Amino acid sequence: MNLTLPTDFSIYAQWAGILTLVCLGLTIIAAIARWGIRFRLVGITGFMTVLTIGLFGLSLGLSPRSFVEGSVRYQLIYDNGADQVVVAVPNTVNPTEVEATLRQVAADFYSPGRIGLNNQMTIRVRTIIHPETGLSKPVYLGEVNRSLRQRNDENMTIAVFNQEFKQLL
């Protein structure tokens, strides 16, 4: 038997809300009729209210992750929590992988809670090269500027610094 459950918490929050209202109605009827289980129903209704609020909060915070074809694994280097992010990629990437990775990072690090002075978020991709023994040099391979306000920003600008790839050889 293959059972698949929806991962959208808003569905669970809706059903929990309906069940909470049913419990509330039953509790009101039990209080008016002076049933012996009325105090248990108050507890059940309170628990269902807390459960519904929790599911509603989860439905606001969790969003499905997108995957951009051709992107490479990256490591977060810097994130000020507002409008600047820097990630690192392996020094074996090519320009098309950098562009795909910039799109992936732009999708991954969008959050409605980020703030910025100009409502723009700048994401940079870099790698490390070692031109000499004991010397490490960061090389910035590209950047993307996207809106802090729109999840799917159609006007984001992606710049891949092709001249920097010469240093990776």
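I started with Arg124, which counts as partly exposed because its relative accessibility is 30%. The cut-offs I used are under 20% relative accessible area for buried, over 50% for exposed, and partly exposed in between, with a 1.4 Å probe and protein chains only. This is a predicted model, where local features need pLDDT of at least 70 and side-chain atom pairs count only at pLDDT 80 or more, while totals for chains, interfaces and linings use all residues. Residues are numbered from 1 along each chain as its sequence is written, and side-chain values use heavy atoms, with hydrogens and water left out.

Next I looked for the partner of Arg124. Arg124 forms a salt bridge with Glu143, and their closest N and O atoms are 3.3 Å apart. The term means a side-chain nitrogen of Lys or Arg within 4 Å of a carboxyl oxygen of Asp or Glu. This pair links distant parts of the chain: Arg124 sits in strand E3 and Glu143 in strand E4, 19 residues apart. Helices (H or I, at least four residues) and strands (E, at least two) are DSSP runs, numbered from the N terminus.

**The other salt bridge**

How many salt bridges does a search of the whole structure find? It finds two. I found Glu99 bridged to Arg103, with the closest N and O atoms 3.3 Å apart. Both residues lie in helix H3, four residues apart, about one turn of the helix. Glu99 is partly exposed, at a relative accessible area of 32%. Arg103 is partly exposed too, at 37%.

**Arg126**

I moved to Arg126, also in strand E3, which covers residues 120-132. Is Arg126 buried or exposed? Arg126 is buried, and it has no salt bridge. The nearest side chain of opposite charge is Glu164, 12 Å away. For charge, Lys and Arg count as positive, Asp and Glu as negative; His and the chain ends are not counted. I then listed what Arg126 touches, leaving aside neighbours within four places in sequence. Its contacts (heavy atoms within 4.5 Å) include Ile77, Val86, Val89, Pro138 and Tyr140.

Ser136 is in strand E4, residues 135-147. Ser136 is partly exposed, with a relative accessible area of 45%. Not counting residues up to four places away in sequence, Ser136 touches Ile128, Ile129 and His130. I also checked Ser136 against Asn80: 56 residues apart in sequence, 24 Å apart C-alpha to C-alpha.

Asn118 lies in the loop between helix H3 (95-108) and E3. Asn118 counts as exposed because its relative accessibility is 52%. From Asn118 to Asp83 I noted 35 residues in sequence and 8.9 Å in space, C-alpha to C-alpha.

**The whole protein**

I ended with the overall picture. The protein has three helices and five strands. Along the sequence they run α-α-β-β-α-β-β-β. The radius of gyration is 25 Å, well over the 15 Å that the globule rule gives for 169 residues, so the protein is more spread out than a compact globule. That radius is taken over C-alpha atoms, and the rule is 2.2 Å times the number of residues to the power 0.38. The C-alpha trace spans about 85 × 45 × 35 Å along its principal axes. Buried residues make up 31% of the 169. Of the contacts with a separation of 6 or more, 58% join residues 24 or more positions apart.
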